[in-house]
Amino acid sequence: MALTYVAIATVNVTSSGGGAIEFTSIPNTYTDLCLLVSARSEHNDGYETAKIALNGTNTYLYRRVNGYGTTANATNSSSSQNWWVIGGDSATYATSNAYTSAQFYFPNYTSSNDKNVSLEYAVEQNGEGGLNLNWLGLTAGLATLTSAITTITLSTINNADFKQYSTATLCGFKHTV
């Protein structure tokens, strides 16, 4: 079985005030989706977390393992928040020009079953003070969504805009015989 993929769409934040990153009218012609993100928030008070919405739904059951500094953490949750840590634009806490790298994977996104979501991310926060940390995380989630994924929206918890040069690319994967 061969696996082929294609970039469906890319969103580049071209100026400050980028708001949410959104993909709409996602075609149902692929087997799986993968979303690659490099992002930073304009939030200016410490670090920032972000969330993802599928077809407008942003509440999931998930299991997350993350680490920051020398601390490891595991979380079980049903939440719409704190899916992944992204760098904030705080001069006190954030390394200049450090963007979070993240990858979301959505297998079988057109099925009528609940949607599995996996996420891995990494961000540098080598600034001053108590948030002089590097963050790494792995998340496995389940969205109660029984229709095909047609829109994906990324936003921040503090309603801050994504910083200029944040980018996201949505790829479609197709398994062929």
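From the N terminus on, the elements of the protein chain run β-β-β-β-β-β-β-β-β-β-β-β. The chain holds 12 strands and 0 helices. Both kinds of element are DSSP runs, numbered from the N terminus: helices are H or I runs of at least four residues, and strands are E runs of at least two. The model is predicted, so local features need pLDDT of at least 70, side-chain atom pairs count only at pLDDT 80 or more, and totals for chains, interfaces and linings use all residues. Residues are numbered from 1 along each chain as its sequence is written, and side-chain values use heavy atoms, with hydrogens and water left out.

Of the 177 residues in the protein chain, 43% are buried. Buried means under 20% relative accessible area, exposed means over 50%, and partly exposed lies in between (1.4 Å probe, protein chains only). The chain exposes about 8,400 Å², and carbon and sulfur atoms supply 46% of that area. Accessible areas come from the Shrake-Rupley method with a 1.4 Å probe; for residues, only the protein chains shown count as cover. Contacts (heavy atoms within 4.5 Å) were also computed. Among those between residues at least 6 apart in sequence, 76% join residues at least 24 apart.

Strand 8 spans residues 100-106, and its side chains alternate. T100, A102, F104 and F106 point to one face and are buried. Two strands pair if DSSP finds at least two bridges between them. A39 stands opposite T100 in strand 8.

A39 is also one of the residues in contact with S166. S166 lies in the loop between strand 11 (152-156) and strand 12 (167-176). Its relative accessible area is 0%, so S166 is buried. Leaving aside neighbours within four places in sequence, S166 touches V11, N12, V13, S38, A39, R40 and Y99. The side chain of S166 also reaches the backbone oxygen of K163 at 2.8 Å.

A search of the whole structure finds 0 disulfides. C34 is in no disulfide, and the nearest cysteine sulfur, that of C171, is 5.8 Å away. A disulfide is a pair of cysteine sulfur atoms within 2.5 Å. The sulfur of C171 is therefore too far from that of C34 for a bond. C34 counts as buried because its relative accessibility is 5%. C171 is buried too, at 7%.

Terms used. Polar contact = N/O pair within 3.5 Å; in protein donor to acceptor, adjacent residues only side chain to side chain.
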